Amino acid sequence: MSTKGTVKGIISNLVTVEVDGPVSQNEIAYINLDGTKLMSEVIKVVGKNAYVQVFESTRGLRVDTPVEFAGYMLEVVLAPGLLERNLDGLENNLETMDGVFLKRGDYTSPIDFEKPWHFKPIAQAGDKVTAASWLGEVDENFQPHKIMVPFKMTGEYTVKSIVTEGNYNVNHVIAVITDADGNDIDITMVQRWPVKLAITQYKEKPRPYKLLETGCRVIDTMNPIVEGGTGFIPGAFGTGKTVLQHGISKQAEADIVIIAACGERANEVVEVFTEFPQLDDPHTGRKLMERTIIIANTSNMPVAAREASVYTAMTIGEYYRAMGLKVLLMADSTSRWAQALREMSNRLEELPGPDAFPMDISSIISNFYGRAGHVILNNGQEGSITFIGTVSPAGGNLKEPVTENTKKVARCFYALEQERADRKRYPAINPIESYSKYIEYPEFKKYISELISPDWTEKVNELRTRLQRGKEIAEQINILGDDGVPTEYHIVFWKSEFIDFVLLQQDSFDKIDSNTSLERQEYIMDLVINVCRAEWEFDDFNDVADFFKKLINAARQMNFSEFKSDKFNRYQEEFSEFLSSKE
Amino acid sequence: MTKAFQKIYTQVTQITKATCTIKATDVGNEELATVNGKLAQVVKIAKDEVTLQIFGGTEGIPTNAEVIFLGKAPSLKVGDQLSGRFFNAFGEPIDGGSVPEGEERQIGGPSVNPMRRKQPSELIATGIAGIDLNNTLVSGQKIPFFADPDQPFNAVMATVALRAETDKIILGGMGLTNDDYLYFKKVFSNAGALDRIISFVNTTEDPPVERLLVPDMALTAAEYFAVDKNEKVLVLLTDMTSYADALAIVSNRMDQIPSKDSMPGSLYSDLAKIYEKAAQFPDGGSITIIAVTTLSGGDITHAVPDNTGYITEGQLFLRRDSSVGKVIVDPFRSLSRLKQLVQGKKTREDHPQVMNAAVRLYSDASNAQTKLENGFDLTDYDRRTLDFAKDYARDILAIDVNLNITEMLDYTWGLFAKYFKPEEVSIKKEMVEKYWKN
């Protein structure tokens with residue numbers, strides 16, 4: 001018999017429940033308010049009192065309202081049919097809810113249990129299997145969606161029978177497996193998993209090294225992220241976090257993209273589900289939405305579900321990773337999740353850590369980032385979750401707990417800079433302060449030298465040095481004046497401006513410029529390097545500025561034209577002519 | 001509920017500046033009550049101890065005060081009779097008229113399902129080029145003015161409200177000075193727009209905690225017109241900093257641990273709940289919110305503007321441009337995040353490029369200005385940018401401009417040609433060929 005209880009106290013969404021039996025931490029409880037069941041989660045137990053955070057508004061809730069405990073933690077349904085869905089933080093399907101407004105207690109299934117899927121067996125009777133072993137696959141939006149032995153199962157099993165190829169709905173028993181004691185277990189296409197626990201049914205998690213193309217030059221060329229890598233984007237409001245994230249999720253070369261809109265603007269979610277069904281995946285030509293899952297807990301939705309939303313997203317990511325797929329998970333923004341933790345910690349009257357955040361914020365963040373990664377599955381196949389989170393530092397000050405703790409665990413740092421944003425230099429990623437640790441990995445260097453060219457990392461370093469030098473000189477010019485420094489200084493400065501305008505800056509609203517293929521990035525890199533290494537004579541600093549402005553203008557015309565099109569070739573000729581006219 | 005005058009309690013066990021606690025049973029969270037006639041709301045229940053937040057303050061509340069629970073959360077009677085009326089924070093008329101009839105709705109209702117929203121796509125033209133050209137507003141957007149208290153934000157807001165093509169304008173005034181309240185009243189009635197205006201006003205003379213009801217009142221009315229009547233509603237909220245101050249007072253009285261700048265840790269969610277009511281609804285109705293967040297000494301890193309900036313879809317800054325002696329909409333710090341949904345789509349194709357080029361040149365001018373002030377020689381280009389900046393600030397950025405967007409674009413092309421060569425403007429060649437004024 002499940003544990004029951006009654007409400008004894010209410011402060012906002014923190015409710016104290018007196019219980020009549022055992023409860024466990026993070027167990028789900030339903031508060032029965034006049035027939036409406038409000039979902040909640042146990043976050044603290046003191047004696048007979050369980051403190052639960054309610055995922056809904058508690059308006060009208062009274063003392064002595066009955067509560068039922070579910071006996072399990074917050075779980076998500078994992079099955080074919082999740083792609084293209086718009087889910088809330090608790091995995092309810094937002095599309096199938098009635099009405100314009102969200103009703104509390106309205107819980108909908110994330111998948112269609114009736115829909116038939118075309119199942120092809122992979123395993124055969126007699127095969128030895130363990131949790132996460134592939135039994136068969138269905139085609140979900142052109143992705144080979146593997147049907148696996150549920151992650152919760154422990155030990156070794158033998159496949160007793162498996163259905164033949166054909167159409168089945170998700171609840172159909174597709175296989176029967178037998179455990180060591182001879183008990184038969186029915187396997188369907190559906191399984192459930194508690195979101196707070198990592199799915200670790202894989203062989204090993206080696207260091208990631210394969211470049212994940214994002215089409216964003218300042219990332220791919222200058223600060224590359226890899227399949228299974230982690231990165232974060234801190235930035236004050238208005239510096240372009242969300243535009244950048246959307247750009248990456250549109251262009252990245254991933255099999256599955258999961259967007260966790262965590263405590264952010266609802267219109268940003270609207271943008272995704274309005275545009276993605278129209279846009280093509282640049283790598284497969286199919287619609288972007290077909291590979292995308294949106295987990296939306298927008299800023300006006302209940303705070304407690306905000307925390308759950310990032311875990312829901314990660315768990316779904318781990319599910320697809322276990323099928324050997326490349327998953328890209330974007331969370332915007334992890335600060336809102338931390339704030340949700342802070343609100344609850346405050347209501348629980350816990351002793352606060354820095355900036356009133358809970359003391360364990362550091363371990364919560366590092367555990368979460370730790371769930372990403374590139375893994376080798378038990379069958380030798382590979383899968384990955386690349387995780388990129390945004391951070392919204394209070395006051396744009398990067399010395400705050402969420403940014404600092406994220407910096408400790410994320411391997412790529414894309415610092416969005418207010419000054420660049422103010423000057424409309426987008427993406428506003430500061431080229432000097434940002435970094436990618438992966439570029440130092442020998443595995444990555446080897447991979448990239450085979451993929452692009454052996455001197456690639458060398459060139460990247462040269463550009464970084466030149467940008468740094470340009471910045472120093474800009475500061476000197478500001479102090480000493482244009483004619484206070486030698487003309488050569490102006491040349492160095494303008495070369496760094498050339499790198500900035502032609503390579504770093506990218507118009508995310510221009511159809512062509514917004515997404516640059518790796519091949520084209522190599523072309524731009526070489527073009528920029530050639531200009532940087534060229535030597536010219538100038539009469540004075542005005543000449544330098546004039547020349548480079550024209551050069552930049554000519555190079556940018558190329559950036560706006562389709563690679564190797566007639567228009568592009570024409571601009572390329574003009575550019576070369578202009579360049580040679582100077583020599 | 002008709003069960004008014006249920007149980008009466010007279011055992012007040014604790015009184016603070018904003019709350020009192022009594023022993024009572026069968027009380028719902030967020031339920032309304034009256035304490036010696038003053039309106040109050042349940043904010044905390046611990047067994048039979050109920051804590052009430054008293055909107056009017058606890059001055060004069062005795063320990064044997066008469067507490068009556070009303071069995072409902074704060075609500076507003078919505079209907080067409082709201083039009084043209086002025087109310088206080090409780091939704092009671094303050095214009096001497098009768099209490100409007102209508103369906104009673106709880107305020108602070110549930111959020112819109114994001115899947116039921118439509119992408120905002122209708123331009124809101126204001127005639128002010130600093131807004132229309134550089135920071136175009138879109139219906140369903142939420143955007144505040146970040147302004148110092150001495151700046152003319154209320155005047156700009158009134159202009160925007162009257163010029164925008166909307167069906168209803170709902171004013172939520174929080175801590176509004178009586179003078180500003182009368183200003184709005186006068187401007188709206190002079191424009192003959194009073195019948196499409198609804199106001200919920202808490203002035204500086206009213207108790208501060210009452211303000212907490214104003215945005216929800218205004219937005220409940222807005223949702224009625226936008227969802228039930230499919231109307232385009234513009235909501236003006238001024239000033240949200242006063243609202244946040246009231247939140248801080250209450251959280252302080254509730255012994256909550258303050259986070260940054262003494263604001264409650266839930267400030268982000270509290271503000272988001274209000275601003276996220278802005279939406280484009282599927283059947284044509286929309287709620288657009290234009291708010292004011294006053295700054296202290298221009299500091300936008302303070303918790304209120306900072307959290308606001310993360311919630312709203314951009315922000316507008318006003319600034320005095322000393323070179324032309326006018327208040328302008330600051331092109332550097334202002335931003336409308338939804339502008340790309342309409343720019344070049346609902347407006348002429350060259351709009352985004354012209355906007356960016358002009359702002360870039362204006363930024364070059366401000367660099368030149370710095371050079372000039374530091375005593376360095378100016379180049380010919382520097383001087384031309386300064387001349388350009390003057391024309392641009394006076395005829396485009398100033399808040400007293402009233403042009404349509406095509407006129408703004410043509411005028412700006414004119415300025416480009418007057419002071420620059422095409423390659424200095426750095427716009428796509430096709431556009432230059434089409435629009436450059438020879």
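Colleague: What makes you say that A:Ile258 is in contact with residues beyond its neighbours within four places in sequence?

Modeller: In this predicted model, leaving those neighbours aside, A:Ile258 is in contact with A:Ile293, A:Ile295, A:Ala313, A:Ile316, A:Gly317, A:Val327 and A:Leu329. Contact requires C-beta atoms within 7 Å, so each of these residues meets that cut-off with A:Ile258.

Colleague: And which residues touch the most other members of the largest nonpolar core?

Modeller: A:Ile258, A:Ala260, A:Leu329, B:Ala221 and B:Val235 do, out of 306 residues in that core. Helix 4 (residues 303-321) of chain A gives the most to this core, eleven residues.

Colleague: On to the two chains. How many residues does each give to the contact?

Modeller: Chain A gives 60 residues and chain B gives 59 residues. On the chain A side, strand 1 (4-11), helix 3 (266-275), helix 5 (334-347) and helix 13 (541-559) each supply at least two. By class, that side has 21 nonpolar, 20 polar and 19 charged residues.

Colleague: How do you know that strand 1 of chain A and strand 5 of chain B pair?

Modeller: Pairing takes at least two bridges, and strand 1 of chain A has three with strand 5 (residues 38-46) of chain B, so they pair, in the antiparallel sense. A:Ile11 stands opposite B:Lys44 in that strand of chain B.

Note on methods:
Residues are numbered from 1 along each chain as its sequence is written. Chains are lettered from A and ligands numbered from 1 in the order in which they are written. This is a predicted model: local features need pLDDT of at least 70, side-chain atom pairs count only at pLDDT 80 or more; totals for chains, interfaces and linings use all residues. A nonpolar core is a set of buried Ala, Val, Leu, Ile, Met, Phe, Trp, Tyr and Cys residues joined through C-beta atoms within 7 Å. A residue is buried if 20 or more other C-beta atoms lie within 10 Å of its own, exposed if 12 or fewer, and partly exposed in between; C-beta atoms are placed from the backbone. Helices (H or I, at least four residues) and strands (E, at least two) are DSSP runs, numbered from the N terminus. Two residues are in contact if their C-beta atoms, placed from the backbone, lie within 7 Å. Ala, Val, Leu, Ile, Met, Phe, Trp, Tyr, Cys and Pro count as nonpolar, Asp, Glu, Lys and Arg as charged, and the others, Gly among them, as polar.
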